Amino acid sequence: MPGPSDKPRRHFDDDDEVTKIGNVAALLPKAAPKRDRPYFIILAGSNLGRMFRIEGDEVVLGRATTATVRLEDDGISRNHAKVVMRGEDLWIEDLGSQNGTFINGTRITSQALRDGDKIQVGATTILKFTYHDDLDDRFQQKMYDAALHDGLTKAFNKRHFLERLAVEVAYARRHKTPLTLIMLDVDHFKHVNDKYGHLAGDHVLVGLAGIIEKQLRTEDLFARYGGEEFAVLCRGASLGNAAVLGERLRLQVEQAKFEHGGQVIPVTISLGIAAHSEKAADGATQLVSEADAGLYDAKRGGRNRVVARSRVGP
């Protein structure tokens with residue numbers, strides 16, 4: 001007879017192995033974050049990708065400086081539409097705007113908003129209505145920042161600059177206010193790259209951007225126009241005031257210490273400045289052209305200097 005030692009043995013394979021679970025709840029999927037924050041996101045028009053959180057009892061969309069959601073588009077009325085809470089829903093109401101408010105292509109006077117609705121106001125501006133959570137907020141903000149800013153210097157990029165330039169020229173014409181543009185670039189930048197290396201050149205551009213941004217007002221727009229060339233758009237600043245700012249920027253850069261890899265790199269900039277005129281046929285193009293001409297004059301005159309041109313247009 002078979003003894004105890006002869007008892008048949010069970011053979012286990014990988015599928016037979018048992019895992020002891022101490023906390024079943026820890027393995028269950030966590031509830032998704034609640035998407036309960038209403039937003040407008042600009043899908044088309046100036047400031048593409050910008051987000052506006054809808055808060056408070058009433059949110060006004062329009063071109064006026066007092067509008068909660070201020071949109072720069074000539075086709076938008078000063079107080080174009082408003083968003084109000086009714087029960088558990090948000091409603092959008094047209095405020096008698098000249099060009100109307102459209103939801104998903106249909107003109108409305110008042111309508112409840114649904115996640116994903118596309119709202120058109122003005123000639124070019126389209127907003128998307130949606131709800132967000134924390135993760136949505138962070139992702140959308142990163143996407144917005146990447147679309148508007150230069151990856152190296154973190155200044156605004158050329159695309160955003162040109163969009164804002166058109167808006168600012170229209171604003172200056174409509175309100176008859178001054179607008180000036182400063183174009184600047186690094187003197188002998190090719191020599192910096194050739195002598196110290198391209199990493200050193202990048203270091204100079206980043207440091208330069210930091211110096212310039214510290215000298216600007218909130219309403220000034222600073223952008224990398226291309227390569228070592230930058231632009232500063234100054235709303236409400238006269239040619240004389242912009243020239244004072246330009247000289248301050250020139251001096252700050254000249255006195256700054258740029259050091260990379262144990263080597264001190266001498267850096268100076270040249271600047272051209274022009275003021276917008278409502279008489280200019282194409283204000284944006286001519287403003288850039290005139291500021292660029294001033295920059296060329298500064299280079300030709302010996303570099304490390306500021307040249308302010310006469311007003312654009314007749």
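## Where two helices meet

A: Let's begin with α4 and helix α5 (residues 198-214), whose axes come within 6 Å and cross at roughly 135°. Here helices (H or I, at least four residues) and strands (E, at least two) are DSSP runs, numbered from the N terminus, while axes are lines fitted to C-alpha atoms, for helices over the stretch in contact, with angles running from 0 to 180 degrees between N-to-C directions. That angle makes α4 oblique to α5 (under 35 degrees counts as roughly parallel, over 145 as roughly antiparallel, 65 to 115 as roughly perpendicular and the rest as oblique).

This is a predicted model, in which local features need pLDDT of at least 70 and side-chain atom pairs count only at pLDDT 80 or more, while totals for chains, interfaces and linings use all residues. Residues are numbered from 1 along each chain as its sequence is written, and side-chain values use heavy atoms, with hydrogens and water left out.

Who makes the contact (heavy atoms within 4.5 Å)? From α4 come F189, V192, N193 and Y196, and α5 brings H198, A200, G201, V204 and L205. Sorted by class, 6 of the residues in this contact are nonpolar, 3 are polar and none is charged (Ala, Val, Leu, Ile, Met, Phe, Trp, Tyr, Cys and Pro count as nonpolar, Asp, Glu, Lys and Arg as charged, and the others, Gly among them, as polar).

Now look at the loop that runs between β12 (179-186) and α4 (189-196), where you will find H188. H188 is not a glycine, yet it has a positive phi of about 55°. Most residues other than glycine have a negative phi. With 48% relative accessibility, H188 counts as partly exposed (buried means under 20% relative accessible area, exposed over 50%, partly exposed in between, with a 1.4 Å probe and protein chains only). N304, another residue that is not a glycine, also has a positive phi of about 55°, and it sits in the loop between α7 and β18 (306-308).

That brings us to α7 itself. Helix α3 (residues 158-175) and helix α7 (residues 283-300) pack with their axes 9 Å apart, at an angle of about 110°. So α3 is roughly perpendicular to α7. F161, L165, V169 and R173 of α3 meet G283, A284, L287 and V288 of α7. By class, this contact of α3 with α7 divides into 6 nonpolar residues, 1 polar and 1 charged.

Beyond its neighbours within four places in sequence, V288 touches F161, L165, L181 and Y225. The C-alpha atoms of V288 and L162 are 9.8 Å from each other, although the two residues are 126 residues apart along the chain.

To finish, step back to the chain as a whole. It holds 7 helices and 18 strands, and 43% of its 314 residues count as buried. Among the contacts with a separation of 6 or more, 58% are between residues 24 or more positions apart.

Notes:
Contact means heavy atoms within 4.5 Å.
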